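Let's learn to read a protein model together. Have a look at this one before we start.

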Amino acid sequence: MVEPSWDLDDPWGSEEMTESSSQIAVAGPDDVQDDEFDTSDFDASSVSRFGSVSSSIYQHAYENGRRYHKYRYGTYPIPNDETEQNREYIKHVAILELTRGKSFFAPIGDHPQKIIDLGTGTGTWAMEVAEMYPSAQVVGCDLSPIQPVWLPNNLRFVIDDIEDEWAHGDDWDFVHACQVFPAIRDARGVCAQSFSHLKPGGWMEVQDFGGILRCDDGTLSPNSLLISFYEMTTEALAKRDIIWPIANEMEEILTSAGFVNVQCRKFKCPVGIWPKAKRLRLVGLYVKSVFADLMDALAPRIFPALSKSAQEIEEFLTNAQHELQTTDAHIYLDYFFWYAQKPLAAYK
């Protein structure tokens, strides 16, 4: 593992390591400029360039003023409206910054022929990979019909529940699932089906946040409402048989499904603009926005399972959002890239 370094001539910290064994360097009082992330430095409008498809044939459900998928309504607890689509795209950009542009780590070679993206959401990852591998057949699968209509010729989207029986054929080179498993019930079943329908030697990669708020230097109070949000989310989703911090358990799940060569790249993803490296401050700015939107999207939907009234949830969110915007704590989330291979002589 490369040790973290700080180059005074490189304020973006392009060599600053954020993987699990490294502690992120903290910004000093002269590092952060008030206007360093004004819109002149990045295209803020780009977060909404993958908007929803406008069509009367696509139906949705509404709850708490937010829009959800109509197909299998209630299966997935997070909205699919424009606010959520923007949040998804911001997450995508943040992770690309975190990994210096790596969309995945599985060693799939230069000429994969069949790639499927489970829980594709707005389809951003699938579109980028389709352009990266123009000779490959790429499929994006999701419950929500929110993908763009103008697509690369080698990409198609299907509306389906990834927890249902596999209906997408065999001999896939690469199965990808990004930020999906903490919101579904049967991650083990999805991995088992993916294993069955990969070609021998094919790869599966699962990307997810760890679902546990962390701090390495004691600057986060154990009484933080931000910690409470993650703990309450874990408890509420458990009542739906969903494991929120499942990314921490993927080695056993992938191994049990039959995969070999199970590998993990784990990154520290800052929340807020406290890191010294400007690149990580930008990641932290994005993730702070994502965190704020996640609380507003998720809590009203799932916290009633904890016997919380609407007023109690609103008060909690108001106080938690205030803490998020004002905290000086050096907080981060783990972000996992798990990838594993189907054996070349795989059994059925």
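Q: What is the mean pLDDT of the chain?

A: pLDDT is the predictor's confidence in each residue, from 0 to 100. Here the chain has a mean of 82, and 76% of its residues reach 70 or more.

Q: Where does pLDDT stay under 50?

A: One such stretch is residues 1-17, for which the model has 36 contacts (heavy atoms within 4.5 Å) beyond four places in sequence. Over residues 39-79 the pLDDT is below 50 as well, and that stretch has 108 contacts beyond near neighbours in sequence. Where pLDDT is low, the predicted coordinates should not be read in detail.

Q: How many helices and strands does the chain have?

A: Helices (H or I, at least four residues) and strands (E, at least two) are DSSP runs, numbered from the N terminus. This chain comes to 7 helices and 9 strands.

Q: In what order do the strands of the open sheet run?

A: Two strands pair if DSSP finds at least two bridges between them. The 7 strands of this open sheet go β5-β4-β3-β6-β7-β9-β8, with mixed pairing. β5 (155-159) and β8 each have a single partner strand, so one side of each is left without a neighbour in the sheet. From one strand to the next, the twist averages 15°.

Q: Is β9 (residues 331-341) mostly covered or mostly open?

A: Buried means under 20% relative accessible area, exposed over 50%, and partly exposed in between (1.4 Å probe, protein chains only). Strand β9 is mostly covered, with 11 of its 11 residues buried. Both faces are covered, with Y335 and F337 among the residues on one side and F336 and W338 among those on the other. Over the chain, buried residues make up 55% of the 348 residues.

Q: Which residues touch the most other members of the largest nonpolar core?

A: A nonpolar core is a set of buried Ala, Val, Leu, Ile, Met, Phe, Trp, Tyr and Cys residues joined through side-chain atoms within 4.5 Å. The largest has 68 residues, and L213, F229, F291 and F303 touch the most other members. Helix α6 (residues 278-302) gives the most to this core, with 13 residues. L213 touches F291, I331 and L333, among others.

Q: What does the side chain of H176 contact?

A: A polar contact is a pair of N or O atoms within 3.5 Å; within protein, one must be able to donate a hydrogen and the other to accept it, and residues adjacent in sequence count only if both atoms are side-chain atoms. The H176 side chain makes one with the side chain of Q207 (3.1 Å). H176 is found in strand β6 (residues 172-178) and counts as buried, at 0% relative accessibility.

Note on methods: Residues numbered from 1 in each chain as written. Predicted model: local features only at pLDDT ≥ 70, side-chain atom pairs only at ≥ 80, totals over all residues. Heavy atoms only, no water. Axes fitted to C-alpha atoms, helices over the stretch in contact; angles between N-to-C directions.
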